[in-house]
Amino acid sequence: TETFITVDSNFHDMFCAGISSLENGLIVAAGGNPQLTKVSSFNPNTLQWSPLADMNDQRWYSTNVTMPDNRIFATFARGSGNRSELYEPQTNSWARTPNASMQTLVNEQAEINSREKLSNTNGLSWLAHLAVTPQGKVFQGGGTPTWHIFDPAGGGENVSLGQPIGAGVARAYGNVVTYDAGKVALLGGFNPGAIQPVSVNNVILVDLNSATPVITYGAPMNYARAYSNTVTLPNGELLIIGGNQVGREFDDTDSVLPAEIYNPGTNSWRIVDSMSVPRNYHSTAILLKDGRVLSAGGGACNNGCDPSVNHQDGQIYSPPYLFNSDDTLATRPVISASPAQASAGQTITLTASSDITRFTMVRLSGTTHHINTDQRFLPVNTINNGDGTFDLNLPANPNVLIPGNYWLFALNAD
């Protein structure tokens, strides 16, 4: 219907909470305004909110991530000091993870926010950039300068990765995207206090498939962006949307309206259609089931802000793969029969259109404050049986195919 439905919670002010999704599709919002221990879950099927067990520590502006065992790791946040913790859905309980200390992040955030803001940017908020590694650990690549590998599930000590993008260089309000098995892209953001805080060069590719992460720079974007959102597309490309070039929240100055698509195979960007509405701080973007992308929101500031930056609306982008070369709608491949559930390492058989050349999986997800730790794209090894059926060999590593709801996409040569 392309309409928004209001689904309020009357027991939890989850403004700026950390969010993660569980294996059963429930979306968990932890913490919120102002520095809460409260936790709630949202059921997309019933559109209902339910309370969960409180956290041990207050958290506001937290980044949370779902682990391979379906627990949720709650990290660096306002109100929690250097403490992190894990949520266990089976027992509806939280346990602190003292081995995964956030002290370095606490110290560096305080130092960065004490600097003079030469370009009048905002400071560095909490909101760590996190991704699950193929070893079952958690990679942190910003926003603070020193990066880490945390081991909340295994109990190992933190491993420092140094400051790979420069001494004292931060990436506030950038995006983190798992764009392939064990591969993460860090995109956009700004360095508080720098003369040129927002850079087209904030395209950092991290390969986590070996014990030591391999960190390289990707091709620069066409537009420098902070407060943007990045969406993994079914063909493995990345769509980056919105943002501004000044590094200020509640500010549409120098907003970037053209979207861009990154092709990891060619390490190249191309400019695509432009939005008509700026999408900056508090905006969101997610992939839809039909392969289109919703970009929405922005603003939501309190009294004293410019009301023109509040955008309580959305736009839908239709990527090029939905069209023929003459701009007519392309005929889509069809999956006519498939199992509803599967596990890591399992082979499943589908019935689908004969012209399909590959299948991919994209995990359902949600975005808060330009961070989306649920989102991940996975290619699927496929055998065409020649009789209208296909055998799909799902990734065997459960740290790669983490639990949750996925969309399975079929692609043809076009």
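Is L378 buried or exposed, and what is its relative accessible area? Here are some notes on that residue and a few others, bearing in mind that this is a predicted model.

1. **L378 and its surroundings.** L378 is buried, with a relative accessible area of 0%. You will find L378 in strand β27, which covers residues 377-384. Once its neighbours within four places in sequence are set aside, L378 is in contact with D180, A181, T360, M361, P395, V400, L401 and Y406. P98 is another matter: L378 and P98 are 280 residues apart in sequence, and their C-alpha atoms are 32 Å apart in space.

2. **T284, a partly exposed strand residue.** T284 sits in strand β21, residues 283-287. With a relative accessible area of 25%, T284 counts as partly exposed. Leaving out neighbours within four places in sequence, the contacts of T284 are N229, L294, S295, A296 and T367. H370 is worth a look as well: T284 and H370 are 86 residues apart in sequence, yet 6.7 Å apart in space from C-alpha to C-alpha.

3. **The four-stranded sheet.** An open sheet of 4 strands runs in the order β5-β6-β7-β8, and the pairing is antiparallel. The edges are taken by β5 (64-66) and β8 (93-96); each has a single partner strand, so one side of each has no neighbour in the sheet. On average, neighbouring strands of this sheet are turned by 25° against each other, with direction ignored.

4. Strand β7 spans residues 85-88 and pairs with β8 in the antiparallel sense over 4 bridges. If you want a residue pair to orient yourself by, E88 stands opposite S93 in β8.

5. **Aromatic pairs.** How many aromatic pairs does the structure hold? The count is 14. One of them joins Y87 and W94: the ring centres are 5.0 Å apart and the planes are at 40°, so this pair is tilted. Y87 and W94 are both buried. F359 and F390 make an edge-to-face pair, with 5.3 Å from centre to centre and 70° between the planes. This second pair links distant parts of the chain, since F359 belongs to strand β26 (residues 356-363) and F390 to strand β28 (residues 389-393), 31 residues apart. F359 and F390 are buried too.

6. **An aromatic cluster.** Y173, F190, Y227, F250 and Y281 come together as one aromatic cluster. For reading such geometry, a pair of aromatic rings is described by the distance of the centres and the angle of the planes.

7. Searching the whole structure gives 0 disulfides. As for accessibility, C301 is buried, with a relative accessible area of 14%, whereas C305 is partly exposed, with 28%.

How values were computed. Residues are numbered from 1 along each chain as its sequence is written. This is a predicted model: local features need pLDDT of at least 70, side-chain atom pairs count only at pLDDT 80 or more; totals for chains, interfaces and linings use all residues. Side-chain values use heavy atoms; hydrogens and water are left out. Two strands pair if DSSP finds at least two bridges between them. Helices (H or I, at least four residues) and strands (E, at least two) are DSSP runs, numbered from the N terminus. Axes are lines fitted to C-alpha atoms, for helices over the stretch in contact, and angles run from 0 to 180 degrees between N-to-C directions. A disulfide is a pair of cysteine sulfur atoms within 2.5 Å. Buried means under 20% relative accessible area, exposed over 50%, partly exposed in between (1.4 Å probe, protein chains only). Rings of Phe, Tyr and Trp (its six-membered ring) pair if their centres lie within 6.5 Å; planes under 30 degrees apart count as stacked, over 60 as edge-to-face and the rest as tilted. Contact means heavy atoms within 4.5 Å.
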